[in-house]
Amino acid sequence: MESKNNMENVFSKLGDLKQFFVFGQKIVPVIQKIIDFMSDVVPLLENVNNSIQDSTSKIPKASTQINSVTSANEIATSEILDIIDAMFLDLSTIKTGLQELKNDENSEKIKSLNEVVEKIEMDSSRITISLQVQDITAQQLASVNHLIDSVQNKLSSLLCDLGKQQDRPIPVFDPNSVSEQDSDFAFSDGTFNENARYDRTTEKQDLVDSLVLENTKTSQEEIDKLFAK
Amino acid sequence: MKRVILVADDSPTIRKFVSVALTVKGYDIISCSDGMEALEKLPNNKIDLLITDLNMPNVDGFELINIVRNNSDLKELPIIVLSSLGSNDDIQRGLECGANSYLIKPFDPKRVLYEVSKYLN
């Protein structure tokens, strides 16, 4: 009786073993597919890794180029301002000279010449307002540089996670590699206004004036008088 | 005697804009690129008025105004803010710190002249 029970037990175990082999036969193709997928994906990941490394190495160059653009714009703006400054002085000399030449005979002509000088002064003043776009764009570019810096940090940390830093050194932005000409902008992190806009409307200034009025009780008549000129 | 104006702005072009607008009207301009430099220059020069940006490295404009207003020798100094920060909060903060005027960039040189002459004439 006991040997019969043992035999039944053995058959039951063999049944389980058979089911396991049947299941194994079914699972083998799936495992094979997973292995195939892995062998396809590994070169792809290698590619992604290389691309990230390549992009990361280019970021400092992009950052330096942005600084160069800002620097070149600043130099050009400064040169234009120097010329405008000299023009203001020349116009002042012309005005004084015209005043000295004034007499009954040529007063009409002097008056019209004075009007021309004043128009040139006003136009020069308008040029200085337009040139302030340089300051606004410099702040916007500094904001872009800040963003690039953040992306580079993220990519560098991703590369570290992928463990490839031993094969190739991860390029890290070195402020000392930036030329002296660009250095004013390379270290201005956090001192820019990313929302800076070149807005020639008086909407914002009007808002400020109303707030200043509330705070200081400045006479609105004075401001109106200024813009009536 | 010429009136002396201290201009604190990290943008060299803005310092130049202000300088061009004001020197032609006979003001003496001293420039500096941040709040720290401004604090060094304020006691050593007879400054009649301060024009300052708000976004600056080291010591920003808000802090600079605060320090000036808490200094017994400088607390009456007229201060004009020249900034691209135009939100209500920034303006309120600037005025609460103690700025007398607040101008938004880009600014009209005539308006700067008007504000300066308001305090110095």
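Across the interface of chain B and chain A, 9 residue pairs are in polar contact, both residues having pLDDT 80 or more; such a contact is a pair of N or O atoms within 3.5 Å, where within protein one must be able to donate a hydrogen and the other to accept it, and residues adjacent in sequence count only if both atoms are side-chain atoms. The side of chain B that touches chain A draws at least two residues from each of helix H1 (12-23), helix H4 (88-97), strand S5 (101-104) and helix H5 (109-120), with H1(B) giving the largest share, 6 residues. This is a predicted model, in which local features need pLDDT of at least 70, side-chain atom pairs count only at pLDDT 80 or more, and totals for chains, interfaces and linings use all residues. Residues are numbered from 1 along each chain as its sequence is written, chains are lettered from A in the order in which they are written, and side-chain values use heavy atoms, with hydrogens and water left out.

In total, 32 residues of chain B are in contact (heavy atoms within 4.5 Å) with 39 residues of chain A. The area buried between the chains, meaning the accessible area (1.4 Å probe) lost on putting them together, summed over both, is about 3,200 Å², and carbon and sulfur atoms give 61% of this area. B:Phe17, B:Pro106 and B:Arg111 supply 20% of what chain B buries against chain A, more than any other three residues. B:Arg111 also forms a salt bridge (a side-chain nitrogen of Lys or Arg within 4 Å of a carboxyl oxygen of Asp or Glu) with A:Asp209, their closest N and O atoms being 2.9 Å apart.

Definitions and conventions
Buried area = accessible area lost by both parts, 1.4 Å probe. Helix = DSSP H or I, 4+ residues; strand = E, 2+ residues; numbered from the N terminus.
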